[in-house]
Amino acid sequence: MFNTEKNLNQYNHLRLSHLFINNPQIWQGNLNTVSFNAEEIKIKLKNLNKPCYIVRYEGQIGITNEGNLSHANNGKTAQIEMLMAVPPLTIQQLGDPTFLDFYGVKYAYATGAMAQGIASEEMVISLGKQNILSSFGAGGLSPSRVEAAINRIQPALDQKPFAFNLLHSPSEPAIERRSIDLYLKYQIRIIEASAFLDLTDNIVYYRVAGLSLNSANQIEIKNKVIAKVSRREVASKFLQPAPTKIINQLVQQGLISELQANLASKIPMADDITVEADSGGHTDNRPLICLLPSILELRDEIQNKYKYKNPVRIGVAGGISTPQSALAAFMMGAAYVVTGSINQSCIEAETSQYTKALLAQAEMTDVMMAPAADMFEMGVKLQVLKRGTLFPLRAQKLLEFYKNYNSIEEIPPAEKEKLEKQILKKTVQEVWQETVTYLSQRNPDKLTKAANNPKLKMALIFRWYLGLSSRWSNTGEKGREIDYQIWCGPAMGSFNDWVRGSYLSEPKNRKVVELADHIMKGATFLYRIQNLKIQGLLIPDEYSQYRPEGL
């Protein structure tokens with residue numbers, strides 16, 4: 001660590017001495033534009049729209065954004081020597097430029113869907129108006145609630161970018177189909193498909209129903225799919241064309257035409273694949289530095305086989321919360337980055353103030369895995385916040401009951417009493433009656449199955465708690481704070497470390513657009529710093545840090 005009294009010249013005296021001999025270029029310009037003190041140097045380094053020249057004058061190293069370069073003549077030593085330079089750099093240069101064109105956005109940056117409307121209409125609209133792609137958190141919501149969101153977002157954004165989430169529902173395929181029917185009815189052109197274990201006829205139907213030929217006899221893909229995956233076997237399914245078996249079924253059902261069926265064999269199931277590493281909610285806790293290269297290699301392998309006109313782009317999610325993490329992803333080859341947990345603490349998120357305050361205090365270690373409500377019987381888990389809530393421990397207790405007993409009646413009386421008083425805070429019978437009322441409207445078939453399956457009935461009772469706990473967190477249910485289920489990954493703690501001491505340390509100041517701007521602008525700045533370091537310039541911390549300041 002170097003203090004601000006050490007200037008750039010002192011820091012690089014030995015490191016850069018050889019460049020004076022090896023670099024014959026000189027800088028030409030007004031010496032008054034060259035800065036030699038720390039504060040002015042920081043300003044010029046952050047002036048990304050202009051080139052940055054590192055020069056030496058009378059033994060002193062300085063920085064300027066003005067002037068131009070030329071070569072020394074007749075072997076004479078120039079008074080002002082150019083040591084190194086970096087060109088202007090825009091935020092739009094990070095990531096894959098085709099991502100920007102394809103979705104009509106200004107950054108290779110998007111915000112992921114957080115279920116139950118946490119990624120709210122307000123969040124999607126705020127980002128969309130600034131040409132930043134955001135996905136509405138439709139997972140877990142009723143079709144009528146999703147339709148209401150469509151009717152609010154669509155007219156508010158008009159031709160601006162936005163997406164809707166399609167959360168795979170293996171236990172409720174009818175709900176998944178109703179979502180698809182809504183998206184096709186209202187011509188929702190971008191969906192983020194998440195939690196898929198395999199392709200379903202629903203996601204294939206959406207994709208293929210948007211295929212046609214344009215006037216130039218080229219395939220036009222109206223329904224765009226961004227698939228969020230964390231496994232190679234799932235990524236492979238989205239990288240390849242739709243399965244012939246499902247295509248044939250859709251043709252037989254009259255849902256797609258023969259032409260669309262033929263076109264489906266020439267395109268991948270997804271336009272983009274978001275590699276999901278250690279994220280909040282559904283996650284396999286994969287390390288990004290291992291997962292991304294693996295999926296990139298898989299993409300290249302499948303691209304070589306099918307020769308798609310437009311190769312599938314690979315982006316990343318999970319752990320993206322600072323300029324450093326975003327830049328790391330881009331340098332590894334990510335086409336775009338997606339943030340999640342950090343947006344949940346913003347004012348636009350559909351979460352309670354109590355929950356936002358807990359998130360703003362979270363450390364990287366304040367997370368753990370807990371059983372998921374939507375895939376409880378399958379043993380699927382998701383990542384949640386453990387600070388300030390007992391939900392993960394209580395949810396794990398319910399999973400143990402489910403594994404050890406075949407019915408509610410088999411649970412020992414003492415344990416059942418704790419279940420009712422400490423976790424459910426209602427009798428089992430009261431919870432079951434509420435479950436019956438809910439499922440009779442949403443999924444009556446499941447009620448019929450539960451009548452003859454006591455283990456399923458037990459699972460549905462436990463799902464009551466698992467499902468409502470996240471809603472309690474969103475609505476700020478009084479008296480249930482200790483049971484809040486808050487989806488969160490370690491990125492939240494990393495973000496809090498980064499913004500500590502800045503205006504963004506307070507949840508009331510966190511806005512999704514500003515977070516996007518800071519992360520992308522910061523990543524661009526850090527790219528410039530790394531470029532200079534690679535050329536041999538040693539830069540003290542006070543010059544090279546990007547701290548969020550009010551926009």
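In this predicted model, R177 and D201 form a salt bridge, with their closest N and O atoms 3.7 Å apart. The two residues belong to distant parts of the chain: R177 sits in helix α7 and D201 in helix α8, 24 residues apart. D201 counts as partly exposed, because its relative accessibility is 29%.

Helix α7 covers residues 173-185, and helix α8 covers residues 201-208. On the α7 side, the contacting residues are P173, E176, R177, I180, D181, Y183 and L184. On the α8 side, they are D201, N202, Y205 and Y206.

E81 pairs with R56, and the closest N and O atoms are 3.4 Å apart. E81 lies in strand β5 (residues 80-86) and R56 in strand β2 (residues 52-57), so the bridge ties together parts that are 25 residues apart in sequence. The cut-off for buried is under 20%.

The side chains of R231 and D284 meet at 3.1 Å, N to O. R231 lies in the loop between β12 (224-229) and α9 (232-239), while D284 lies in the loop between β14 (281-282) and α12, so this pair connects parts 53 residues apart in sequence. R231 is partly exposed, with a relative accessible area of 33%. D284 is partly exposed as well, at 27% relative accessibility.

How many salt bridges are there by this rule? The count comes to 23. Some residues join into a network: R394, K425, R480 and D483 are linked by salt bridges.

Next, the nonpolar side chains. L213, I219 and L259 make a nonpolar surface patch of about 220 Å². L213 belongs to strand β10, residues 211-213. Its relative accessibility is 35%, so L213 counts as partly exposed.

I302 is a buried case, because its relative accessibility is 7%. This residue sits in helix α12, which spans residues 288-306. What does I302 touch, apart from neighbours within four places in sequence? Its contacts are S236, L239, Q240 and Y308. M368 is 66 residues from I302 in sequence, and their C-alpha atoms are 35 Å apart in space.

Finally, step back to the whole protein. There are 22 helices and 18 strands. The C-alpha atoms fill a box of roughly 95 × 60 × 40 Å along the principal axes. Of the 551 residues, 54% are buried. The contacts reach across the sequence. Among those with a separation of 6 or more, 71% come from residues 24 or more positions apart. The protein exposes about 23,800 Å², and carbon and sulfur atoms supply 50% of that area.

Note on methods: Residues numbered from 1 in each chain as written. Predicted model: local features only at pLDDT ≥ 70, side-chain atom pairs only at ≥ 80, totals over all residues. Heavy atoms only, no water. Patch = residues over 30% accessible without salt bridge, like charges linked within 9 Å, V, L, I, M, F, W, Y side chains within 5 Å. Areas by Shrake-Rupley, 256 points an atom, 1.4 Å probe, with all protein chains shown as cover. Salt bridge = Lys/Arg side-chain N within 4 Å of Asp/Glu carboxyl O. Helix = DSSP H or I, 4+ residues; strand = E, 2+ residues; numbered from the N terminus. Buried < 20%, exposed > 50% of the residue type's maximum accessible area, 1.4 Å probe, protein only. Axes fitted to C-alpha atoms, helices over the stretch in contact; angles between N-to-C directions. Contact = heavy atoms within 4.5 Å.
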